[in-house]
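Student: I would like to learn how to read a sheet and a pocket from a set of coordinates. Could you take me through an example?

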Amino acid sequence: MNEPAAHEGPRPEDGEAADRAADRTLCERYAPYLMFDLREPFLPNLVGFTRLEPDGISASFPRSFAEADPRTDRILEYAIWWDYEIGHLHQLEHVWIYLGPNGEVLDCEVTFHGRLLKGLLKNRSNLSDGTHVRLFAQPGKHALSPMPELFELLPDLYLAAGARAGADGLYAGGAGGEPACLLPAGVEADEIDARVRRYLRSFAFTPALEYGEVRLLPEQFMPWDELREAIPLRLSDRLLELELIFARDGMREAETESKAERRMRRTRESGGGAEREEVR
């Protein structure tokens, strides 16, 4: 029977696992505190984290960090995933935390409708405990900002969450680099798009413009490459759920119509004269 050699050292995969565990711990320590409208229907589902060097390139958003503060020692990237936003299927927003050599927060940037926005106020008043940047999410749309007042300058703030809920329907891919939706075989994209639109319309709301804090949970964190692989499966699950929801609703509607038809038939059979009198 062969036994492992006593001098056998640690395997490369052990070192990789240790590095990932250290990155997770670091990213959880500096995770942003998110503020959501009190009527917000969709909270984050998952967070893909990455620790980057200042000369690195993001794998989940088309950008580099050439203009970072020269004191930057490392950058923590948070790719925050929602299965739904109020206008369409799935959403990916980003937060970047810039750390100095002693672990101090030097800067923060966020995504705002596909563009970059500073996430740390000049007076650093939205930095809690020296580690957590407090950010506000646009009601329904989830664009991020350190100041909620910015949302009130958007002409479509209320329309996007209300009358235009579900307007974009099936959203298959975007600037964030997220994979396209995997459509079920044999089902037309238009049919799925209609389901998504109808489903999201049911969540239309009027923003309260009052906010409550939501903290990301440890179980929501995973390395970005794992989240990227999980996204198509999550989308497939959501599309299957919608199919089941509308199949169930269709059965209920058919059952209701059937009962109504039976009531009308009994009425005609038992009191046709009275029915005709009422019609006249």
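This is a predicted model: local features need pLDDT of at least 70, side-chain atom pairs count only at pLDDT 80 or more; totals for chains, interfaces and linings use all residues.

Student: In what order do the six strands of the open sheet lie?

Tutor: Strands of a sheet pair through backbone hydrogen bonds, in either a parallel or an antiparallel sense. Here the open sheet runs in the order 6-5-4-3-2-11, and its pairing is mixed. Strand 6 and strand 11 (221-223) stand at the edges with a single partner strand each, so one side of each is left without a neighbour in the sheet. From one strand to the next, the twist averages 25 degrees.

Student: In which sense do strand 3 and strand 4 pair, parallel or antiparallel?

Tutor: Strand 3 (residues 74-84) and strand 4 (residues 89-99) pair in the antiparallel sense, over ten bridges, and Y78 stands opposite V95 in strand 4.

Student: Which residues does T50 touch, leaving aside those up to four places away in sequence?

Tutor: T50, which lies in strand 2 (residues 46-52), touches C27, I75, L76, E77 and W224 on that count. The C-alpha atoms of T50 and Y78 are separated by 6.8 Å, although the two residues are 28 residues apart along the chain.

Student: What is the volume of the second largest pocket, and which strands each supply at least two residues of its lining?

Tutor: The volume of the second largest pocket is about 150 Å³, and strand 5 (105-112) and strand 6 (115-118) each supply at least two lining residues. The lining, which includes R63, D107 and K118, divides into five nonpolar, one polar and six charged residues.

Definitions and conventions
Residues are numbered from 1 along each chain as its sequence is written. Side-chain values use heavy atoms; hydrogens and water are left out. Helices (H or I, at least four residues) and strands (E, at least two) are DSSP runs, numbered from the N terminus. Contact means heavy atoms within 4.5 Å. On a 1 Å grid over the protein atoms alone, a cavity is a set of points where a 1.4 Å probe fits but cannot get out, and a pocket is an open set with protein on both sides within 12 Å along at least five of seven lines; lining residues have an atom within 4 Å of a point. Grid points are joined across faces, edges and corners, and a volume is the space filled by probe spheres set on the points. Ala, Val, Leu, Ile, Met, Phe, Trp, Tyr, Cys and Pro count as nonpolar, Asp, Glu, Lys and Arg as charged, and the others, Gly among them, as polar. Two strands pair if DSSP finds at least two bridges between them. Axes are lines fitted to C-alpha atoms, for helices over the stretch in contact, and angles run from 0 to 180 degrees between N-to-C directions.
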